[in-house]
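Subject: The structure, and some notes on it

Hi there,

Here is the structure I promised to hand over.

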Number of protein chains: 4
Amino acid sequence: MRPAAARIPQEDKRECILAAALELFAERGFHGTPVPLIAERAKVGAGTLYRYFASKEAIVNELYRQKKRELAAALLDGLPLGAPTRQLFHELWLRLGRFAAEHASVLAFLELHHHDDYLDEESRRLEREALMPLQLFVEDAQQKQILKAVQAEVLMALVWGAFVGVMRASKMGLVPLEAAMAAAEACMWEAIRR
Amino acid sequence: MRPAAARIPQEDKRECILAAALELFAERGFHGTPVPLIAERAKVGAGTLYRYFASKEAIVNELYRQKKRELAAALLDGLPLGAPTRQLFHELWLRLGRFAAEHASVLAFLELHHHDDYLDEESRRLEREALMPLQLFVEDAQQKQILKAVQAEVLMALVWGAFVGVMRASKMGLVPLEAAMAAAEACMWEAIRR
Amino acid sequence: MRPAAARIPQEDKRECILAAALELFAERGFHGTPVPLIAERAKVGAGTLYRYFASKEAIVNELYRQKKRELAAALLDGLPLGAPTRQLFHELWLRLGRFAAEHASVLAFLELHHHDDYLDEESRRLEREALMPLQLFVEDAQQKQILKAVQAEVLMALVWGAFVGVMRASKMGLVPLEAAMAAAEACMWEAIRR
Amino acid sequence: MRPAAARIPQEDKRECILAAALELFAERGFHGTPVPLIAERAKVGAGTLYRYFASKEAIVNELYRQKKRELAAALLDGLPLGAPTRQLFHELWLRLGRFAAEHASVLAFLELHHHDDYLDEESRRLEREALMPLQLFVEDAQQKQILKAVQAEVLMALVWGAFVGVMRASKMGLVPLEAAMAAAEACMWEAIRR
DNA sequence: CATGAATGAGTTTTCATTCAT
DNA sequence: TATGAATGAAAACTCATTCAT
């Protein structure tokens with residue numbers, strides 16, 4: 001007699017659709033992905049998709065928000081904010097690397113879908129605000145004269161950009177991920193430290 | 001004796017088409033850009049486009065190669081290879097910044113979009129090889145113990161990624177381009193120098 | 001001894017479905033009404049509908065026949081056929097008006113929409129025959145030289161058409177129903193009387 | 001050497017589409033008519049339709065306005081307003097009959113598409129106003145005590161409804177058109193005259 | 001050469017109907 | 001018996017490409 005776990009019906013299917021869409025959007029972009037292809041990959045009828053989402057746009061937006069939040073959580077949850085800046089940076093870079101390794105297409109998706117026309121207001125807001133806490137941490141460290149006195153947004157853009165650059169290089173097979181990430185961390189610490 | 005000024009229209013039209021396509025691809029992506037829209041922006045009949053290019057894909061590929069080559073040329077042509085590494089880096093960063101400023105949508109086109117399915121073999125080859133000369137310069141500087149002993153591809157990915165990151169931040173209005181670029185240069189030099 | 005109040009639900013549900021379909025078909029037409037919407041309005045699962053009717057078409061046909069019969073009954077049942085023609089006409093017009101007032105969407109359904117492709121043979125037959133008794137009454141009155149010697153079908157078409165016309169005008173808000181109906185009766189009596 | 005009449009290109013196709021849509025909408029209603037069917041009947045590719053109209057709705061609306069105006073013109077243009085009322089009525093009834101005979105599906109279309117949700121504001125305005133001039137003529141005749149002192153809208157609704165009723169009866173094969181129309185005219189004159 | 005009207009294959013979306021529970 | 005999630009066939013609409021002029 002098992003009571004509850006027997007079914008996982010609706011939410012399961014919803015997740016399947018989102019997962020399929022994520023992969024496809026990451027690989028081929030939003031406009032390059034036909035809805036029936038998402039349905040097929042999700043092992044679901046084409047019409048079923050519209051029981052869970054109002055439109056294709058609703059899917060990207062849901063996906064964008066959900067993944068942006070997951071990324072923010074992966075980076076920020078339980079972050080030892082009291083720790084020395086260098087150690088915090090290490091921890092962040094590590095988390096970034098782990099997240100990228102475990103959710104490869106999430107990063108591809110998030111990078112690929114910057115401020116596109118099909119993102120709605122709420123998604124755009126999240127885009128701007130999700131990683132805001134990091135900025136406070138940066139500014140704090142700057143006040144302590146540990147990080148360079150450069151506009152916080154610039155430092156963050158540098159680090160994020162560099163990270164994405166390395167990720168992409170490794171994906172192109174130019175570079176082994178693990179080693180590259182470790183080396184890159186050291187480099188980027190030099191980039192931002194005072 | 002052929003009436004020189006009367007003609008030239010062919011090459012002219014071809015350029016118009018490419019220019020229009022570049023802007024649109026940069027703004028909306030390949031799949032998000034209808035051919036008739038390219039034609040309209042190029043002030044050319046929709047059919048005319050097919051007198052110059054075999055297909056929409058032929059346009060992206062032509063564009064990709066041409067712009068990739070222009071970028072390589074802008075970075076490499078007449079580069080004072082004998083100069084000190086720091087100075088070379090400065091020059092490269094400067095050229096990068098100038099290129100980005102003058103050809104904003106070229107960078108957007110080349111980097112802010114994924115060129116997956118529709119790029120052909122030749123374009124893919126260029127993607128890998130166009131900036132190869134820079135790698136030699138990096139490796140040379142590493143041997144002279146001026147740059148960090150990190151896989152050259154990683155250093156290049158870091159710098160390129162960071163540059164793109166700053167560009168994007170400035171495009172989002174978070175950061176003033178000029179100042180950001182200067183600060184970023186200093187940071188990234190620290191990132192790669194020994 | 002069966003618990004009477006507990007049951008009845010079948011017929012009840014069937015009626016709910018028909019009632020919902022009637023309203024919707026009257027408002028939006030057959031092709032403009034999605035089956036799930038009928039189910040929703042009937043407060044019934046979408047599948048349930050198919051336990052009572054073989055198809056959407058089966059619903060319209062059932063509805064059409066039922067309502068046509070109800071209309072015929074409302075007009076004809078207990079009609080004092082022996083009364084003077086003028087009085088009979090008055091009674092008929094009155095009944096027509098009452099029926100329209102009490103079953104507004106029935107009239108809309110029966111008359112203000114075309115029922116072409118989806119009506120079956122039986123429904124078509126009823127369409128022609130339901131009001132046949134009236135024709136006999138008309139022809140009888142013509143023989144008595146009370147009504148004009150015009151093909152009975154024409155007289156009936158005139159009266160019915162005029163009635164529908166006034167109904168529609170009142171529905172558009174151009175005209176107050178009560179007064180209009182009274183005036184119209186007088187007019188149409190002049191139209192048909194000898 | 002024929003100069004101009006050689007082509008009738010664009011407008012011709014646009015008219016074909018409208019003509020095809022008119023017939024189909026009259027036969028099967030708006031929602032019952034698939035766009036590809038319109039295209040086929042118009043001997044035009046399905047996509048072509050969208051070069052001339054923004055949507056299926058745009059077609060009905062264009063059609064509705066155009067036909068409503070044609071009907072108004074057929075009834076009103078050159079109407080001898082100075083003539084005696086009886087004669088005017090005769091003329092109007094004649095014109096109505098001629099219009100119905102020559103443009104059978106126009107009447108069916110106009111009758112079928114009353115105040116439906118896909119008609120836009122402009123179409124609705126025309127619906128109310130196109131035949132307004134007739135109302136003035138009616139009210140004038142009432143002042144001269146030639147027509148009954150019944151709200152003008154009611155009289156018009158009666159006549160129009162009766163006309164439509166006869167038309168429909170004749171279309172169902174119950175009644176020969178010519179004779180019926182003549183008889184009906186006499187009847188309806190009695191209906192409205194004082 | 002240049003065009004843009006024409007098109008049908010392909011896209012997103014809806015909906016009548018089924019079926020597992 | 002009742003349900004409503006699931007579906008694929010079909011609807012409205014778009015767009016890369018062609019071709020007559």
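Let me begin with chain C and chain D: 33 residues of chain C and 34 residues of chain D take part in the contact, where contact means heavy atoms within 4.5 Å. Before going further, please note that this is a predicted model, in which local features need pLDDT of at least 70 and side-chain atom pairs count only at pLDDT 80 or more, while totals for chains, interfaces and linings use all residues. Residues are numbered from 1 along each chain as its sequence is written, chains are lettered from A and ligands numbered from 1 in the order in which they are written, and side-chain values use heavy atoms, with hydrogens and water left out.

**Between chain C and chain D**

About 2,700 Å² is buried between these two chains, and carbon and sulfur atoms give 71% of that area. Buried area here is the accessible area (1.4 Å probe) that two parts lose on being put together, summed over both.

The count of salt bridges between chain C and chain D is 2; the term asks for a side-chain nitrogen of Lys or Arg within 4 Å of a carboxyl oxygen of Asp or Glu. In a salt bridge, C:Arg168 meets D:Glu111 at 3.0 Å, N to O.

On the chain C side, helix 7 (121–129), helix 9 (152–171) and helix 10 (177–192) each supply at least two residues that touch chain D. Helix 9 of chain C gives the largest share, 11 residues. Helices are DSSP runs (H or I, at least four residues), and strands are too (E, at least two), numbered from the N terminus.

Chain A has 10 helices and 0 strands. Of its 194 residues, 50% are buried, that is, under 20% relative accessible area, with exposed meaning over 50% and partly exposed in between (1.4 Å probe, protein chains only).

The side chain of A:Lys56 does reach the backbone oxygen of A:Phe30, at 3.0 Å. Neighbours within four places in sequence aside, A:Lys56 is in contact with A:Phe25, A:Phe30, A:His31, A:Thr33 and A:Val35.

Best wishes

Note on methods
A polar contact is a pair of N or O atoms within 3.5 Å; within protein, one must be able to donate a hydrogen and the other to accept it, and residues adjacent in sequence count only if both atoms are side-chain atoms.
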